Amino acid sequence: MKLLCLTGLLLLLGCTAEIPPTGMIQRIDATTVSVDSLDARIRQLVEAADVAGLTVTIVQPDTVPYRRAFGYAHRSRGDTLRTDHVFYGASLSKAVFGYLVADLVEEGTIDLDRPLQEYFDVPIPELAFNREWRGFRDLADDPRYREITARMCLAHTSGLPNWRWISRVGEFAPEGKLRLYTDPGTVYSYSGEGMMLLQHAIEHVTGRGLEELARERIFDPLRMDMTSYVWQDRFGDAFSYGHLADGSVIPKDTEDEAGAAGSLETTPEDYAVFLQHVLRSTAAGSPLTERLFTPVIRIRSRMQFGPESLVNTTENDDIQLSYGLGWGILQTPYGKGVFKEGHGEGFQHYSILFPDRGIGVLLMANSDNAESIFRDLLALTVGDTYTPWRWENYLPYVTKGS
C-alpha cells in the first residue's frame, strides 16, 4: 500500500486558489456556490425527477466540504437516507480493482502487458470454477484469448463482452455463450467479463482472494470499515434499498462471492475516503496513480453501450475521451478529469476527480431515475460541464421520451 507523504499534501495546499468564504464551495472554474443554494437546488432536482434517494459528496484531498443525503433508504417505509448507509456499488468496484492491480504492478507481482495465459498452469478455457457458468470454456476454439493482458482487461479492450448473457449491442443472449467480439487490444468495449478474467489471474498469482487483497491493501489502511466485495452481517441494519423508475422497492440481494466487476458494497462516506486518497496520491506524484490515469485507448464511440456503441464519432474529441486502468479519462481547460460510473438495477452512481484542481464529486443514488439529473448535478456542484453525458446516456429528465 502506497501511503501518502506530508510533503505531497503540503505542495498541493500551497498551489490551491484562495480559500472561498465559509459556506461557499469553489468549483473547478473558480466560480463559487453556496452550501445553502446547493441544498435547495438539489432538492428541487430530486423532486422533479422523482429520484427515490441520492447522496452528493464533494471531496478535496484534506476535507469534505459538502456531504448530503436526500430522499429515502426505503421509500415505501419512509426510511430517511443517510450518507453512512451501505449502497450496492455496482461498477464502482472496477475503480477500486484498478487501484489494487496498479499496486500489485508497482511491487512487481504482475506485469500489465504479459498475456494472462502465462500466469495459469492450464489453458484459460480449462480453468475450473465452482460455478461452471463463470468459466471460459467457450473460448477454446478461439486462440486470441492467449493475447489478453491485464492492461487490456482494465482498459476494456479485451474483446470480451460486458456479460456473456448480453450481446455487444445490449441484446439479451439467453444461451450465455462467451465470445471475443474484437481482436484483443484494438477496440474499447466495456467488459465485466474481462475484469473477472483478470481477477482470476490475480488470485491465482497471489494465492489470495480479491476480498482479502482489497482489505489488506485498501479497505483496512483507509479505515473503510463499511466496504467489502462480499456481503457482511454488519451491513444488515444500515443499507439502502434500490428503487425502480416507478419508485417500487427492490428486495436486497446479498453477494457471497467477490467480483471485481461489480460486487462492491460501500457507503458514500467510505467511498469518499477512497477518492480523497486517490487525490492525495496524485498530488504527491504517486507512480501508482500516474499509471492508473495514463490513457490506454482513445474512445470514439457515439455511446458507451447499445447499438450506437458501434458507431464512431468525433463528438468527444475535444475532451480526448479515453480509458486508463479501470478509470475513464477526459481533458478539460482545468486539467485532467478521471471518472467511474456505477449502474445496476435500482442503483446509479458517478464519480469524477479533477486532480489538478484538487476536487471531485461522488454521486450515489438508490434510484433508477438518478442519472437523469447527473448532468445538472455535475455542473452545479463542481462546475463539471465536460463529462460526456450523451455518451453515458445521462439524458436529462426533461428530455426523456421527447
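Buried means under 20% relative accessible area, exposed over 50%, and partly exposed in between, computed with a 1.4 Å probe on protein chains only. The structure is a predicted model in which local features need pLDDT of at least 70 and side-chain atom pairs count only at pLDDT 80 or more, while totals for chains, interfaces and linings use all residues. Residues are numbered from 1 along each chain as its sequence is written, and side-chain values use heavy atoms, with hydrogens and water left out.

**View 1. Asp 220 and Arg 215 form a salt bridge.** A salt bridge is a side-chain nitrogen of Lys or Arg within 4 Å of a carboxyl oxygen of Asp or Glu. Here the closest N and O atoms are 3.2 Å apart. Arg 215 is buried, at 18% relative accessible area, whereas Asp 220 is partly exposed at 43%.

**View 2. Shared partners join salt bridges into one network.** Its members are Asp 103, Glu 107, Arg 208, Glu 212, Glu 216 and Arg 217. The structure holds 27 salt bridges.

**View 3. Arg 131 meets Asp 256 in a salt bridge.** The N to O distance is 3.1 Å. This pair links distant parts of the chain, 125 residues apart: Arg 131 lies in the loop between α3 (92-106) and α4 (150-154), and Asp 256 in the loop between α6 (210-219) and β7 (264-266). Helices (H or I, at least four residues) and strands (E, at least two) are DSSP runs, numbered from the N terminus. Arg 131 is partly exposed at 29%; Asp 256 is exposed at 58%.

**View 4. Arg 77 pairs with Asp 79 in a salt bridge.** Their closest N and O atoms lie 2.9 Å apart. Asp 79 is partly exposed, with 28% relative accessibility.
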